[in-house]
Amino acid sequence: MWALRGLRNGVLTTRWPASPDAYTAATRGAVTVLPGPAADTIDGTEASALCPAGAIRAGLAGTVRVDQGGCIMCGRCVTARPDVFGWSAGPGSPSLSRQGLVVPAAETAESLAEVTSRLRARTRALRRSVHLRHVDAGSDGSEEWEIMALLNPVYDIHRLGMFFTASPRHADILLVTGAGARGMAEPLRETYQAMPDPKVVIAVGTDAVTGGLARGSYATSGGIGGILPVDVWLPGSPPSPFAILSALLLAVDRLPGQRAATAAGHGVAGDPR
Ligand code: SF4
């Protein structure tokens, strides 16, 4: 029966990123600011009232920006001001810099090129096959479901030469979820130190990037950036399996057309954290 069912269903495994997959485009991405003059009508008071996570900033000149690293994807801003905010489509927006998660884009092409070449130099040896270690540093469990999905027949990360390992001593990439619970700071550091060089750290999900709704809590570090040197920042609450895949491919320089849009963006001053 299972053999017949398999024959009837055919191969379900996505071929992305080697070939386009319509499902990636259907995936809801992070909130973005839509182009147009309506954005100038939002002031700081409305921005604070709209966003429970404090991810929307409005400058004195009326310039509104969204820090995707703080967005919990509740959708309140999109519902209240569809003329200003919208969902981006596609497999998510991993960034090699924290600043790169602020939209309209906060990075210059020069700063992006510099951080990219530094990571490329370190990860050249990892492009064909990598082992992943996952650590939960205070997650609500949602990111873990998406990470587990990478192993199912649809995403099947083994086809990309990526494998999970139980030991940090065999790991090349550390996937960290959760808001950076203070009790997990030391285990996280020990895991990182046990990994051989070269190694890469990916902050998976809004909680790992900024702490999400737990930002400012006594119990967390407001994300893992203060605990470990993060190489790839992946927003989303939770990020989809395609988004996690794109962060992994970005880390090892195998993501087609990565963050080209960021390099073409506008500058913004200040640390978004
Ligand atoms: S969707 Fe994101 S940016 Fe919009 S209100 Fe919710 S948390 Fe804030």
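**Domain arrangement, core and local geometry of the predicted model**

Pro238 lies in the loop between strand S10 (232–234) and H9, where helices (H or I, at least four residues) and strands (E, at least two) are DSSP runs numbered from the N terminus. The peptide bond that links Ser237 to Pro238 is cis, with omega near -5 degrees. The structure is a predicted model, in which local features need pLDDT of at least 70 and side-chain atom pairs count only at pLDDT 80 or more, whereas totals for chains, interfaces and linings use all residues. Residue numbers start from 1 along each chain as its sequence is written.

A cis peptide bond also joins Asp197 and Pro198, with omega about -5 degrees. Pro198 is placed in the loop between H7 and strand S9 (200–204). Helix H7 itself comprises residues 185–194 and contains Glu190. Glu190 counts as exposed because it has 10 C-beta neighbours inside 10 Å; by this criterion a residue is buried if 20 or more other C-beta atoms lie within 10 Å of its own, exposed if 12 or fewer, and partly exposed in between, with C-beta atoms placed from the backbone. The C-alpha atoms of Glu190 and Pro168 are 9.2 Å apart in space, with a sequence separation of 22 residues.

The domain assignment divides the chain into domain 1 (22–90) and domain 2 (109–263), the bounds being taken from an automatic or database domain assignment. The C-alpha centres of the two domains lie 24 Å apart. Ten residues of domain 1 are in contact with eleven residues of domain 2, contact being defined by C-beta atoms, placed from the backbone, within 7 Å. The side of domain 1 that touches domain 2 has five nonpolar, five polar and no charged residues. In this classification Ala, Val, Leu, Ile, Met, Phe, Trp, Tyr, Cys and Pro count as nonpolar, Asp, Glu, Lys and Arg as charged, and the others, Gly among them, as polar.

The largest nonpolar core has 67 residues, and those with the most contacts inside it are Ile173, Val176, Ile202 and Ala203. Such a core is a set of buried Ala, Val, Leu, Ile, Met, Phe, Trp, Tyr and Cys residues joined through C-beta atoms within 7 Å. Helix H9 (residues 241–251) gives the most to this core, with nine residues. Both domain 1 (22–90) and domain 2 (109–263) give residues to the core, so it lies between them. Beyond its neighbours within four places in sequence, Val176 is in contact with residues including Val135, Leu188, Ile202, Ala203 and Leu228.

Eleven of the eleven residues of H9 are buried, so this helix is largely enclosed by the rest of the structure. H9 is followed by Asp253, with a positive phi near 60 degrees. Asp253 is placed in the loop between H9 and helix H10 (260–263), and is partly exposed because 14 other C-beta atoms lie within 10 Å. H1 is followed by Gly10, whose phi is positive, near 75 degrees.

Three strands form an open sheet in the order S2-S3-S5 with antiparallel pairing; two strands pair if DSSP finds at least two bridges between them. Strand S2 (56–58) and strand S5 (102–103) are the edge strands, each pairing on one side only. S2 and S3 run antiparallel and are joined by three bridges, with Ile56 having Val66 of S3 as its bridge partner. Strand S3 (residues 64–67) pairs with S5 over two bridges: Val66 is partnered by Val103 and Asp67 by Val102. Val64 and Val66 point one way from S3 and Arg65 and Asp67 the other way, and all are buried. Elsewhere, S6 pairs in the parallel sense with strand S7 (residues 162–164) over three bridges, and Val130 stands opposite Met162. Five of the seven residues of strand S6 (residues 130–136) are buried.

The ligand is surrounded by 14 residues, the closest being Cys51, Cys71, Cys74, Arg76 and Cys77; a residue is near a molecule or strand if its C-beta atom, placed from the backbone, lies within 6 Å of it. The shell divides into twelve nonpolar residues, one polar and one charged. Met73 lies in the loop between S3 and helix H4 (76–80). Its phi is near 60 degrees, a positive value in a residue other than glycine. Met73 counts as buried because it has 21 C-beta neighbours inside 10 Å.

Methods
Contact = placed C-beta atoms within 7 Å.
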